[in-house]
Amino acid sequence: MALRTKPRAALVHARSALGHLTARARTERDLRVSRSGRADVAIFHDHAPPPSGGGNQFIRALEGELERRGVIVEENRISGGTPACLFNSFNFDLTRLRRFVRDDVRLVHRVDGPIGTYRGYDDGTDARIAAMNAELAHATVCQSRFSLEAHARLGIPLVEPVVITNAPDPSIFHPPDGREPLDGRPVQVVAASWSDNPRKGTDVLEALGAGVDPTRFELTFVGRTAAVLPGWKVLAPLASEELAATLRGMDCYVAASIDDPCSNALLEALGCGLPALFRRSGGHPELVGEGGVGFDGPADAAAALGRLAAELDERRAAIVVPDLGEVTDAYLEVLRG
């Protein structure tokens with residue numbers, strides 16, 4: 001077995017080394033080409049095609065709002081005349097950023113997590129984020145008060161931190177023109193997640209599927225999950241436009257994740273006018289406010305859903321969604337220093 005795997009391992013190693021050399025050559029070429037160029041802001045982030053996770057969703061929305069304002073944005077490079085750069089968590093090429101950095105560029109680090117708290121295990125990612133923050137950042141954006149305080153509790157220092165929540169793209173995630181009255185029909189309940197980590201709330205989804213009356217509630221899950229989820233209709237991940245259309249056909253949203261700092265999926269649902277059944281964990285209470293009903297875990301989720309169903313109109317009227325324009329203003333203020 002070892003004799004058969006050694007050539008394969010050598011091939012993988014060779015391909016990896018070639019990939020690093022190619023990336024380095026591309027970086028040096030782009031550095032030379034960009035010296036005489038200029039943008040208003042650079043953003044370092046490894047984009048993933050949709051459907052994808054919340055970080056991708058927000059960075060895409062932020063870039064779109066900047067470009068609508070006429071702000072010139074460049075991705076994964078810092079041209080000679082570019083004065084500021086936003087780099088996202090650990091989801092970017094650190095070696096490339098280091099090569100482009102200049103002393104006269106203001107660097108702002110958007111952090112997530114803490115990642116170990118959010119994922120439920122520590123693989124060293126938070127230490128890497130802290131190290132690059134200390135090395136490069138002039139300021140830090142945390143996505144919620146929970147995130148800022150959780151970093152402090154863990155003894156993770158962040159350079160000049162400010163709190164700026166995410167915001168959904170209102171051109172995509174907006175309420176419907178009208179809603180079908182309940183009139184005895186089942187309440188349409190939806191949950192969504194790109195990650196299949198059980199900490200996204202599998203325990204609560206399973207409890208709801210087993211515990212609610214299916215003639216009173218119809219449950220739909222959109223995204224990725226490793227669980228079977230009896231009682232739920234499960235849909236594959238959807239691109240933003242399709243997801244928004246699905247959300248607008250629902251009555252309320254379930255945010256069941258644990259220690260989620262600033263759930264983009266929750267914000268998108270709120271943006272579509274869905275009151276939230278939310279776990280009192282992470283940044284959920286900050287985002288929802290009075291626009292939903294909280295619960296503590298699987299044992300009280302079904303009762304909380306019953307309360308939410310009785311208060312749908314009241315809770316919907318209390319929804320406050322972060323405004324993408326105001327969030328963009330806050331980012332620009334930090335980037336300008």
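**Exercise 1.** In this predicted model, are F87 and F92 buried or exposed? Work out, too, how their rings meet.

*Solution.* Start with burial: both F87 and F92 are buried. Next, take the ring geometry. A pair of aromatic rings is described by the distance of the centres and the angle of the planes. For F87 and F92 the centres are 5.5 Å apart and the planes make an angle of 70 degrees. Over 60 degrees counts as edge-to-face, and that is the label this pair receives.

**Exercise 2.** Find how many aromatic pairs there are, then explain what the pair of F44 and F100 ties together.

*Solution.* The count comes to three aromatic pairs. One of them joins F44 and F100 edge-to-face, at 6.4 Å centre to centre with 65 degrees between the planes. Now place the partners: F44 belongs to strand 1 and F100 to helix 3 (residues 94–100), so their contact links parts 56 residues apart in sequence. Finally, check burial: F44 has a relative accessible area of 0%, and F100, at 1%, is buried as well.

**Exercise 3.** Describe the lining of the largest cavity.

*Solution.* First, the size: the volume is about 40 Å³. Then list the lining residues: V41, I43, L62, L66, L86, T328, Y331, L332 and L335. Last, trace their origin. Strand 1 (41–44), helix 2 (54–68) and helix 13 (324–336) each give at least two residues, with helix 13 providing the largest share, four residues.

**Exercise 4.** Which residue lies over the face of W194?

*Solution.* Look above the ring: R224 lies there, 4.8 Å from the ring centre.

Conventions
Residues numbered from 1 in each chain as written. Predicted model: local features only at pLDDT ≥ 70, side-chain atom pairs only at ≥ 80, totals over all residues. Heavy atoms only, no water. 1 Å grid on protein atoms, 1.4 Å probe; cavity = no way out; pocket = protein on both sides within 12 Å on 5 of 7 lines; lining within 4 Å. Points joined across faces, edges and corners; volume = space filled by probe spheres on them. Phe/Tyr/Trp six-rings, centres within 6.5 Å; stacked < 30°, edge-to-face > 60°. Buried < 20%, exposed > 50% of the residue type's maximum accessible area, 1.4 Å probe, protein only. Lys NZ or Arg CZ within 6 Å of the ring centre and 35° of its normal.
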